[in-house]
Amino acid sequence: MADSSTAEQHSEPPPPSTPAAAYHLHPRREPFEHGLLPIPKLIFSDGAQTLSHLKSTLLSSNSNSRVSTEALAGVLQIPVEHSRLLIETLSSVLHDDSDPLVKARAPGEIDEIGVNVFDLLVYLYIQNYKRLLPKGHKDAAAVADVWPSTSAFDGFLSALSPLQLVRSNTRRFMPSQADEEAHQLSYLQKHLSNILSLLADATEGEDDQSMVLSVDKFEHLGFLVYFGEKGSEKKPLSQNTPFFANSDPDMPAAPVPASQVLDWLLQNIASTMEHISDRVSPKENAHSNSSDQDVTMADAGTSSAKPSSSTRGPSLIEGISKSSCAKQASDFKGTSVKVVNCHESVIYILAPLRYAMVYGCSDATIVLGAVGKAVRVEHCERVHLITAAKRICIANCRECLFFLGVNQQPLVVGDNHKLQVAPYNTFYSQLEEHMNQVGIDPNINKWNEPVALGVVDPHDSISHPAGISDAQAESAVCLEPDQYTNFVIPNWLESEQAGATKHNPFPLPDPYLSSQQKNHKSLEEVKKILREAQLEESRKRELSNALHACFKDWLYASGNIRQLFCSPGE
């Protein structure tokens, strides 16, 4: 019904051949989910006024419309470290993979290449975005005595620990993907006029027609929105418009009044919001979010759990409990994944991805194959996460251990407690192939250089106690080398196409390598003693039974029994 009415609305202008007639305008999730930084000096409350000043300053001092890390630090009056963090974060959510910043790996390259001024302006503007507030838990008082509200997050999230969040079945009280998309569209609907003013050029005149938008400036809106549906190929944003559709680099279309572009964008946003409203009824949204773009997997077993098949939204792995879930590259049609509300489980995602998010998990081991853009881990408790990634952000987690192979410094934000980091500790046969696909360099690993920002995230909509805003987040500490162990991925979990990786591709620091060699030597000595022991058969059986009993006790005490939930027959 929604599709047919939308088609009728667009049957005249633009022409039927225009892609906009067939597709809806959607917000890009990545800038809102992975691109926001809790740095107060990046948040401008006066709309486009300060950023317009910034635009003039940057363009007057940079002939190629790019700004370096050092120059940006000077203009924004922030430390160079924060300037580099800003550019690295922007790069991870950039829409244009052909931009030289995306291909830069070493910090020196990033500093030298710099960021496009217009991408920067759009990115800085959305730093005033507020995430959709989770709907309040109906019985928060019932859990308050178990998880006291001592957190800076004084509300819904402080009343529930991540484990309680799972067990109290609060998924239905949290925003669905459709809710979040509608919230992002509503934000863009309100702020597009200001954003367009930052991209537009002034011409002679005093009315709205004096601001015009060229096709190359219009393409920078691709940072925030795109046209497309499930399975559709993404095209340049300008090719979906009635005024730039036939433009090409040799004969670019003439600039268009910014007011005309704004009207056209607002019409398309209204059409998409109507489509979302028709697709997700209030009743469905209140109960199980069954019309969500993502397919939930609550109560799913090891063999039946399947990620969603949408190429537009992230695949969703949800609700795995006291079980294991293993996914290969062939199980994903898209390039991003969300692991949500999984507990007492082991999750293997052995695939090349662009983005990954882990949310609300507890007492779980999660292996993320190779993530080329960004990983975000939020509201997790007693989780062991193993990943090879370009960058990772950790927010509001407790007693978690991260085994990392990361090319950029881990970012720690929010209300964290007892976090540990360690070098990457596993491999599977296709790991190096997947790392090459998504651009991860095994020779660069900044696992032990976490950067801690503020406890309070200005992008959430939760009120905070007075005086807490300037507090710094608790950072992560390095795992002691003698506690470092390798994690073995069962070979029956790997795909039929065996790869060439035979060992951990990230070089180990000397203390961890020495500890590993010491443990291996001790193991060999014990095995030799057992082989050479002169025991009667009855005593050998007693020893064997004792070893098996101790091993079984260790499996349960350490939680490693979860790894045995996956067997070759499943």
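Let's call a residue buried under 20% relative accessible area, exposed over 50%, and partly exposed in between (1.4 Å probe, protein chains only). The model here is predicted, with local features needing pLDDT of at least 70, side-chain atom pairs counting only at pLDDT 80 or more, and totals for chains, interfaces and linings using all residues. Residues are numbered from 1 along each chain as its sequence is written, and side-chain values use heavy atoms, with hydrogens and water left out.

**Exercise 1.** Find where Lys322 sits, and decide whether Lys322 is buried or exposed.

*Solution.* Start with the location: Lys322 is in the loop between strand E8 (315-318) and strand E9 (324-328). Strands here (E, at least two residues) and helices (H or I, at least four) are DSSP runs, numbered from the N terminus. Next, the accessibility: Lys322 has a relative accessible area of 53%, so Lys322 is exposed. Now check the backbone: phi of Lys322 is positive, about 50°, although Lys322 is not a glycine. For context, most residues other than glycine have a negative phi.

**Exercise 2.** Describe how helix H3 packs with helix H12.

*Solution.* First get the geometry: H3 (residues 49-61) and H12 (residues 177-199) pack at an angle of about 15°, with axes 10 Å apart. The axes are lines fitted to C-alpha atoms, for helices over the stretch in contact, and angles run from 0 to 180 degrees between N-to-C directions. That makes H3 roughly parallel to H12 (angles under 35 degrees count as roughly parallel, over 145 as roughly antiparallel, 65 to 115 as roughly perpendicular and the rest as oblique). Then list the contacts, meaning heavy atoms within 4.5 Å: Leu51, Ser52 and Lys55 in H3 meet Ser197, Leu198 and Leu199 in H12.
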